[in-house]
Amino acid sequence: MKRQPTPLDMLMAEQRRVRESCRVQEQKINEDFKFIHDHFGRILFAGISSLFFSKRREPVENDEKKETEEQNPMLGMMFKNIPPLLWEAALPILLRWGVGRIGNLFRRRAKR
């Protein structure tokens, strides 16, 4: 004969299920944040460039569609790798400026 689970057994099983569900969700969120961290420059530039270089969303026929695709600017494709380079160049400058500002807070100023 099979015995019925006690309320404590049911609660423990529910707790295991909830913990496993939380662990899976946490892994998914961590993967999403890692992707965002690794590709933040491209994501940022894609958002900005979509504001300036958005394609028209009007329905067109097949022959006209080819013509409009050729007329769209390709600047977004040319500049997609620039934000990481800009960040790499600006980071040392920003760090030096920030350290200098913090250092100025702790230095005593000479009295005149």
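Reader: Where do Asp-38 and Lys-34 lie, and how many residues apart are they?
Author: Both lie in helix H1, 4 residues apart, about one turn of the helix. This is a predicted model, where local features need pLDDT of at least 70, side-chain atom pairs count only at pLDDT 80 or more, and totals for chains, interfaces and linings use all residues. Residues are numbered from 1 along each chain as its sequence is written, and side-chain values use heavy atoms, with hydrogens and water left out.

Reader: What do the side chains of Asp-38 and Lys-34 meet in?
Author: A salt bridge, at 3.0 Å, N to O. The term means a side-chain nitrogen of Lys or Arg within 4 Å of a carboxyl oxygen of Asp or Glu.

Reader: Why does that spacing work in a helix?
Author: An α-helix has 3.6 residues a turn, so residues three or four places apart point the same way.

Reader: Is Lys-34 buried or exposed?
Author: Lys-34 is exposed, with a relative accessible area of 52%. Asp-38 is partly exposed at 46%. Buried means under 20% relative accessible area, exposed over 50%, and partly exposed in between (1.4 Å probe, protein chains only).

Reader: How many salt bridges does the structure hold?
Author: It holds 4. One of them joins the side chains of Arg-23 and Glu-20, at 2.3 Å, N to O. Those two also lie in helix H1, 3 residues apart, about one turn. Arg-23 is partly exposed at 40% relative accessible area. Glu-20 is partly exposed too, at 39%.

Reader: What does Asp-9 pair with?
Author: Arg-3, in a salt bridge of 3.8 Å, N to O. Asp-9 is partly exposed at 29% relative accessibility, whereas Arg-3 is exposed at 64%.

Reader: New topic. How many helices and strands are there?
Author: The protein chain has 5 helices and 0 strands. Helices (H or I, at least four residues) and strands (E, at least two) are DSSP runs, numbered from the N terminus.

Reader: Which residues in H2 are buried?
Author: Gly-41, Phe-45 and Ser-49. Down the axis of H2, the buried residues fall within an arc of 50 degrees, so they line one face of the helix. The arc is taken from the directions from the helix axis to the C-beta atoms.

Reader: And Leu-44, where is that?
Author: Leu-44 is in helix H2 as well. Leu-44 is partly exposed, with a relative accessible area of 47%. Leu-44 and Pro-83 are 39 residues apart in sequence and 8.4 Å apart in space, C-alpha to C-alpha.

Reader: What share of the residues is buried overall?
Author: Buried residues make up 4% of the 112 in the protein chain.

Reader: Where does H5 kink?
Author: At Ala-90, by about 30 degrees, shortly before the proline Pro-92. The bend at a residue is the angle between axes fitted to the seven residues ending there and the seven starting there. Helix H5 covers residues 82–106.

Terms used:
Expected span 1.5 Å × (residues − 1).
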